[in-house]
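I opened a new page for this structure today.

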Amino acid sequence: MEIIGRKYLDVLIPEEAAFMQQALHAFVDNEIMPVRQKIDYDDEHKLVDKIRQGLTGLGIQRAMFPDKYGGMGITSMVLSFIAFEEIARGDVAIAIATGCTPWCFAPAILASNEAVLDRFAPQFCGDELQTGCFALTEPASGCDIENPEMHGRTIKTIAKLDGDEWVINGNKCLASNSGVSQAYCVVCTTDPNLGEEGIALMYVPYPVEGMSFGKFEDKAGMRADRNCDIFLDNVRVPKEYRAAGPGKDAELFTFNCIMGRGGAAGFSIGAAQGAFEKVLEYTTDRIVAGKPIREHSVCACMLADMVIGIETARAYYMNLAYMIDEARIVDTIGSKGLDPQLANFFLSRASLAKVYADDVAVMVTNKAMELMGSYGYLHEYDVEKYWRDSKECQLYEGGAQLGRLDIIRNY
Ligand SMILES: Cc1cc2nc3c(=O)[nH]c(=O)nc-3n(C[C@H](O)[C@H](O)[C@H](O)COP(=O)(O)OP(=O)(O)OC[C@H]3O[C@@H](n4cnc5c(N)ncnc54)[C@H](O)[C@@H]3O)c2cc1C
């Protein structure tokens with residue numbers, strides 16, 4: 001263990017995580033920061049794909065896959081959360097688009113589903129950029145599908161077994177990487193009346209007959225991630241492409257929500273950190289009333305509040321990551337399942353990490369813009385992009401309200 005040299009990362013991280021974090025820090029400085037302002041105008045995603053190809057070269061895409069497929073077998077949340085915070089410091093949506101690939105495959109990896117891994121892992125452990133999508137949200141409601149009190153009964157995407165194949169019908173929406181992925185993990189139910197027993201995580205390769213997409217959503221921010229409707233019309237996949245089976249898929253789904261919310265806290269703090277660095281520089285250089293903005297006590301206090309938020313949110317989500325690693329869920333969920341009390345505890349704490357980090361990111365980007373005056377509102381001063389991107393962090397994965405409910409009902 002070492003205390004990392006970067007002065008603003010006041011958190012203990014293991015040596016191998018520090019190594020990866022520093023490599024990603026340098027990557028963001030060299031490959032994202034110089035072109036960051038062009039990302040929102042990159043309609044064809046050529047620039048975004050080039051950056052993501054660079055991250056693939058660093059091993060991010062194959063990191064979670066088992067060694068025998070050419071992966072690195074990295075399932076540590078400490079490593080993963082801090083890595084994606086670093087990427088998000090450059091661009092939150094690139095972090096999300098990159099992070100959704102391991103998120104898509106986590107259920108199959110944790111369940112050791114060989115049929116799914118044999119089909120996809122060689123392709124995703126190669127040097128070429130590939131993309132995965134974890135599709136849970138449906139038009140009727142995203143939160144209801146994640147809400148444990150709904151027990152999977154609101155899922156409308158249905159998977160029916162027909163001989164050796166699943167036949168899937170339904171409509172997903174808004175999922176990151178939709179319309180551009182080579183692999184989809186689609187949250188289905190075999191029968192909504194079965195509750196958790198019905199929840200089925202189905203792997204769908206693309207292209208496949210019966211799968212089509214709507215137009216890309218036109219969002220306020222997060223433009224390096226793409227989201228659209230996914231239509232599944234009698235899509236057929238082999239029987240073995242269900243992640244694990246009745247009951248087990250529900251546990252894997254819950255764990256993906258835990259991992260997703262915990263990781264999302266890192267995305268938010270990456271954005272907050274990026275915006276903070278910009279405003280610190282600006283308020284150091286710009287003189288008002290005879291001295292740098294940051295030396296006026298009213299402004300210094302605003303900067304201090306940003307630091308308090310960033311450091312406490314980071315410390316909390318990293319503590320969560322340590323707790324998940326310590327509980328060894330990733331090693332045991334496939335064989336022993338997920339203890340319900342542990343699941344409730346971690347869903348509550350992952351929601352806490354996310355909701356707090358999201359609020360910090362929105363506060364920091366908002367206050368940073370205030371301290372920069374009207375220049376903060378200009379695209380070329382960088383903060384307005386962090387400001388637009390951060391708002392979405394409060395809305396996805398349960399949003400601010402379901403997140404709070406999940407904190408308190410298991411506290
Ligand atoms: C950039 C981006 C990336 C995304 N990535 C993914 C992805 O990878 N995969 C995916 O499946 N989806 C993804 N989404 C979709 C996102 O996760 C959902 O939009 C989100 O979960 C909220 O669902 P909803 O929009 O349907 O809101 P609703 O579920 O309709 O919720 C609306 C409001 O009601 C509140 N609410 C919900 N439930 C309750 C409750 N029980 N009590 C009180 N209040 C409640 C919510 O907090 C919110 O304020 C993404 C969206 C965007 C824009």
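**Ligand contacts**

I began with the nitrogen side of the ligand. One nitrogen atom of the ligand is 3.3 Å from a backbone N or O atom of Leu 174. I note here that the model is predicted.

Next I looked up the ligand's oxygen atoms. A side-chain N or O atom of Ser 141 lies 2.8 Å from an oxygen atom of the ligand. A polar backbone atom of Cys 143 is 3.0 Å from an oxygen atom of the ligand. I counted these pairs as polar contacts, for which the cut-off is 3.5 Å.

Then I asked how much of the ligand the protein buries. The ligand taken alone exposes 990 Å², and the protein buries 71% of that.

**The shell around the ligand**

Where does the ligand sit? I found it in the largest pocket.

Which elements give two or more residues to the shell around the ligand? I wrote down helix H4 (92-110), strand S3 (132-135) and helix H12 (399-408). H12 gives the most, with three residues.

I also checked which residues come nearest. There are 23 residues around the ligand, and the nearest are Leu 136, Thr 137, Gly 142, Glu 392 and Gln 401.

I sorted the shell by class. It has 12 nonpolar residues, eight polar ones and three charged ones.

Why does the ligand lie between two domains? Domain 2 (133-241) gives residues to the shell, and domain 3 (248-408) does too, so the ligand lies between them.

I turned to the backbone. Most peptide bonds are trans, and most residues other than glycine have a negative phi. I looked for exceptions.

Which residues does a cis peptide bond join? I found Tyr 206 and Pro 207, with omega about 10 degrees. Pro 207 is placed in the loop between strand S7 (199-205) and strand S8 (211-213).

My other entry is Ser 112. Its phi is positive, near 50 degrees, and Ser 112 is not a glycine. I traced Ser 112 to the loop between H4 and helix H5 (114-124). H4 was already in my notes, as one of the elements that give two or more residues to the shell around the ligand.

How values were computed. Residues numbered from 1 in each chain as written. Predicted model: local features only at pLDDT ≥ 70, side-chain atom pairs only at ≥ 80, totals over all residues. Heavy atoms only, no water. Near = heavy atom within 4 Å. Polar contact = N/O pair within 3.5 Å; in protein donor to acceptor, adjacent residues only side chain to side chain. Areas by Shrake-Rupley, 256 points an atom, 1.4 Å probe, with all protein chains shown as cover. 1 Å grid on protein atoms, 1.4 Å probe; cavity = no way out; pocket = protein on both sides within 12 Å on 5 of 7 lines; lining within 4 Å. Sits in = over half its atoms within 2 Å of the grid points. Helix = DSSP H or I, 4+ residues; strand = E, 2+ residues; numbered from the N terminus. Nonpolar A, V, L, I, M, F, W, Y, C, P; charged D, E, K, R; others polar. Domains from an automatic or database assignment.
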